[in-house]
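Here are a few friendly notes to read alongside the model. Please keep the structure open as you go through the points.

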Amino acid sequence: MLNHTAARAEAVEAQTVWRLLDYVAVDYAGAVSNGRVTSSAEYAEMTEFSATIRSGIAALPAKAERGRLIVEAEGLQTAIASKAAPDIVAQKARSLASDLLAAYPVPLAPAKAPDLARGAALYAENCASCHGANGDGHGPQAAGLDPPPIAFTDTERARKRSLFALYQVIDQGLDGTAMQSFADMPSQDRWALATYVGSLAFKDAAAGERFWKSDLALRQRIPDLQTLATMTPETLGRTIDQDKADAAMGYLRANPQALNMATPASLTVAREKLRQSLAAYRGGDRQAAKRLALSAYLDGFEPVEPILAARDATLMARIEGAMGEYRAAIRRGVTAEELAGKEAVLESLFADVEAVLSPDAASDASTFIGALTILLREGLEALLIVVAMIAFLRKADRPEVLPYVHGGWIAALVAGGATWAVATYAIGISGASRELTEGFGSLFAAVVLVSVGIWMHGKSQAESWQRYIDKVLGKALSRSSAWFLFGLAFLVVYREAFETILFFAALAAQGRGSVIAAGTAAAIAFLAAIAWAMLRYSRSLPIGKFFTYSSALIAVLAVVLAGKGTAALQEAGLIDITPVAYVPRLSMLGIFPALQPLLLQLLTVVSLWIGFWYNGRKNVVRSAVE
């Protein structure tokens with residue numbers, strides 16, 4: 001309790017000093033001009049405040065940085081005493097305020113976007129009587145106040161005030177004025193009030209919205225609530241046109257939730273990692289460049305994959321390919337200029353991502369199609385394999401084994417949901433871990449399907465099937481084969497379940513729950529129709545054709561999974577990438593423009609061909625003997 005009390009006291013003292021520094025930076029210009037005092041009262045206040053700042057810093061708990069802060073405070077006192085230019089005093093005050101917060105951190109931003117409607121209600125209840133209903137400083141009680149209330153509609157003054165500064169005044173009040181402390185007001189309410197007050201001077205929110213949505217550089221300058229809370233419009237105006245800065249800050253202060261709808265922060269990570277990778281490559285450190293490029297994908301881009309896949313799967317595939325080519329270029333040892341060109345291509349693609357993920361890009365139609373295609377894309381492979389197993393058991397007249405298959409895919413759905421919950425709320429499974437899970441799971445499933453496909457092809461002759469029924473099937477399915485089918489059903493469904501849930505969670509975060517439900521229902525209807533058709537028509541197929549078609553289906557899925565598994569391991573950095581020109585990227589079919597997945601798919605095809613050839617030869621020999 002004592003430690004908590006001491007920490008609270010330290011924070012309050014640091015906040016008080018910071019508030020005085022902000023006040024000096026803004027109001028000193030009203031006391032001195034061209035080396036002469038223009039307002040004796042204001043100048044006396046500035047002199048008093050500078051002394052209070054120096055003593056306040058000296059009273060803070062001892063830290064290594066405190067001595068330097070005291071020196072800076074003495075420099076500010078000297079500048080004010082010598083009637084230095086307002087720009088010089090403001091720069092010294094801002095610099096000291098920044099250093100103060102670095103040494104004695106205090107909360108700089110609200111926990112979530114402030115509620116402007118709540119802020120307006122609080123203003124009407126607590127502030128309008130003095131500051132006026134519209135913030136012009138002419139409220140009914142303003143006439144008798146000295147000094148008069150601040151006019152929040154004064155643009156020149158508002159440009160110099162951050163939301164954090166306004167929050168501080170609301171929290172602590174302002175000595176020597178009628179402004180009382182509202183420290184008893186909940187913190188989120190104080191932020192709502194400060195944000196509302198800070199928006200009153202800037203009216204061109206429509207223009208600000210256009211600037212915000214169209215200017216990537218602007219969005220990079222204000223990436224989060226903390227930046228919005230601590231940056232002044234004047235500071236932003238030093239880097240862009242001041243009118244544009246006023247409009248943009250006015251829009252964001254009136255609509256702070258726009259920061260939550262901006263492109264996910266992880267794209268900033270991807271950009272920064274790629275820049276670091278290029279710098280390392282220019283410096284001759286190829287290993288560091290490769291490691292940073294992989295981090296740009298796993299830590300920077302992959303977190304936005306789920307929602308991007310729902311909005312624009314083609315763009316997602318292009319970026320995956322471009323990032324793979326970037327890593328391959330590092331391995332080949334291309335020139336730094338060529339690698340810089342590939343980095344520029346990725347930057348252009350990231351800009352496309354921002355357009356796709358912007359709030360305006362979302363619609364009921366795109367959300368519906370996203371939910372529909374996600375479930376169809378991720379669920380079709382697993383459905384085909386599970387339905388093929390069910391059809392096989394029905395054809396073999398072994399309904400007592402069906403619960404194992406159903407238990408496998410149901411357990412996989414539960415496990416997929418549990419894995420997502422753990423990854424999201426407990427340990428935070430990394431992008432590399434997800435890719436490795438998908439990669440090894442796909443390759444293992446491909447190996448199993450190759451063996452199953454060859455086995456099914458061997459039973460495509462009616463005589464072979466009858467012989468198998470008579471001699472082996474009953475015994476095999478009564479023991480380990482039932483659990484084998486459980487495991488296969490679990491594996492092929494689990495590898496899709498986690499990613500599907502991840503995609504839907506990202507989609508749900510954008511809202512439109514009823515539209516997502518409709519898209520999901522439509523996808524389930526499509527999948528159910530496919531399952532019904534397969535089971536319905538497999539019953540009427542002769543046993544030989546059933547096994548011929550089933551073995552062909554299983555063989556195709558084995559080739560698809562071989563390609564997908566290899567590509568996932570490449571994305572995790574476990575396997576190098578050797579790009580192949582003129583090969584399209586067809587991720588649904590497991591085809592990727594890289595040598596490694598194509599080679600493994602070729603190996604799968606050769607293995608299947610050898611197995612099918614051997615089955616045919618064995619059946620010919622057996623028929624000749626019989």
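1. Start with the contact of α2 with α3 in this predicted model. On the α2 side, the residues that take part are Y43, M46, T47, S50, A51, I53, R54, I57 and A58. Their partners in α3 are R66, L69, I70, A73, E74, L76, Q77, I80 and A81. Sorted by type, the residues of this contact are twelve nonpolar, three polar and three charged.

2. How are these two helices arranged? Helix α2 covers residues 40–58 and helix α3 covers residues 66–81. An angle over 145 degrees counts as roughly antiparallel, so α2 is roughly antiparallel to α3.

3. Next, look at I53, one of the α2 residues that meet α3. Leaving aside residues up to four places away in sequence, I53 touches V17, L20, L21, V24, A73, L76 and L96. I53 is also among the residues with the most contacts inside the largest nonpolar core, together with L21, Y123 and I222. That core has 70 residues. There is a second, separate core of 36 residues, including V304, I330, V334 and A340.

4. Finally, find S95, which sits in helix α4 (residues 86–103). S95 and E72 are 23 residues apart along the chain, and their C-alpha atoms are separated by 8.7 Å.

Conventions:
Residues are numbered from 1 along each chain as its sequence is written. This is a predicted model: local features need pLDDT of at least 70, side-chain atom pairs count only at pLDDT 80 or more; totals for chains, interfaces and linings use all residues. Side-chain values use heavy atoms; hydrogens and water are left out. Axes are lines fitted to C-alpha atoms, for helices over the stretch in contact, and angles run from 0 to 180 degrees between N-to-C directions. Helices (H or I, at least four residues) and strands (E, at least two) are DSSP runs, numbered from the N terminus. Angles under 35 degrees count as roughly parallel, over 145 as roughly antiparallel, 65 to 115 as roughly perpendicular and the rest as oblique. Contact means heavy atoms within 4.5 Å. Ala, Val, Leu, Ile, Met, Phe, Trp, Tyr, Cys and Pro count as nonpolar, Asp, Glu, Lys and Arg as charged, and the others, Gly among them, as polar. A nonpolar core is a set of buried Ala, Val, Leu, Ile, Met, Phe, Trp, Tyr and Cys residues joined through side-chain atoms within 4.5 Å. Buried means under 20% relative accessible area, exposed over 50%, partly exposed in between (1.4 Å probe, protein chains only).
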